[in-house]
Amino acid sequence: MMPVSEAAASVYRLDFSQQGEPMGMGRVVTLTLTLAVAFVSQAAAAIITTGPYQWQVAGGGNDHYYMLVMPDSPQTTDDNFSWFEARNAAAATIYNGSAGHLVTVTSFGEDEFLRTTFENEIEIRNYPTSTGDFVWIGLTDQTAEGNYQWLTGESFSYSNWASTEPNNLGNEDFVHIWRRYEGTNQDGWSWNDKQAGPFLPDSRWGYIVEFDGPFVAPVPEPTTLAIWSLLSGIGLVVGHRKRRRKAV
Ligand SMILES: [Ca+2]
Ligand SMILES: [Ca+2]
Ligand SMILES: [Ca+2]
């Protein structure tokens, strides 16, 4: 991806770092973020983020957070994320003190959480145009053909391959989610192996980033409420003095 898109990736790093967290730049970060967003939106296709949303333990989850990142209306190949660009951008994204990684989908429950959370944001791959959205996940068999491994080192047991996939067609070593309703292939939410890209902008190529934690609570910024509390405190002091004078 071109430098402008790398700038977009850095915007996320700023955006999801709370004040007082690792970057520790406070309002300067906020201001820089605002300016950076304005610059990026003029220079390249915008990026759409959905989430982060938590898969809560109370709901059978792991308390991790997940965020979908998609290019909006890519105009050139460079607006789409390759698998490597997605991997790097995910790792550079920080949420509440936790660095992200390209999502690992290690159970049916996790896959279902992702599907129910994000599928409405992912365009169906249809027929006959074969367009639609593609979403990278952190799974690859680049090291040894057919030996799929998660980026995090988690064991590979659960899978959700589409019909006839993975087929390693032309040496495909990187995995994405799609919603496939294409001719006889009506798998819907499923996985496909693919080359790393980036691919033509006739489709959108994005990714899901997962934050495992541990999470730190963001340092609260001075809020309007805090300012009002301060002012009302001053008011009480003034009122107290007035009452004392009256009493005398
Ligand atoms: Ca995971
Ligand atoms: Ca392969
Ligand atoms: Ca394939």
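Trainee: Where is proline 198?
Mentor: Proline 198 sits in the loop between strand 8 and strand 9. Keep in mind that this is a predicted model. A cis peptide bond joins glycine 197 to proline 198, with omega about 10 degrees.
Trainee: And which peptide bond involves glutamate 165?
Mentor: The bond from glutamate 165 to proline 166 is cis, with omega near -5 degrees. Proline 166 is in the loop between strand 6 (149-150) and strand 7.
Trainee: What about threonine 164? Where does it lie?
Mentor: Threonine 164 lies in that loop between strand 6 and strand 7. Its phi is positive, near 70 degrees. Most residues other than glycine have a negative phi.
Trainee: Is threonine 164 buried or exposed, and why?
Mentor: Threonine 164 counts as exposed because it has 11 C-beta neighbours inside 10 Å. The cut-off for exposed is 12 or fewer.
Trainee: New topic. Which residues touch the most others in the largest nonpolar core?
Mentor: That core has 38 residues, and Leu102 and Trp136 are among those touching the most other members. Several elements give two or more residues to this core, including helix 3 (83-91) and strand 5 (133-140). The largest share, six residues, comes from strand 2.
Trainee: What does leucine 102 touch?
Mentor: Beyond four places away in sequence, the contacts of leucine 102 include Ala86, Trp136, Leu151 and Val209.
Trainee: Last one. How far apart are proline 128 and glycine 183?
Mentor: They are 55 residues apart in sequence, but 7.8 Å apart in space, C-alpha to C-alpha. Proline 128 is in the loop between helix 4 and strand 5.

Conventions: Residues numbered from 1 in each chain as written. Chains lettered and ligands numbered in written order. Predicted model: local features only at pLDDT ≥ 70, side-chain atom pairs only at ≥ 80, totals over all residues. Core = buried A, V, L, I, M, F, W, Y, C linked by C-beta atoms within 7 Å. Buried ≥ 20, exposed ≤ 12 C-beta atoms within 10 Å, placed from the backbone. Helix = DSSP H or I, 4+ residues; strand = E, 2+ residues; numbered from the N terminus. Contact = placed C-beta atoms within 7 Å.
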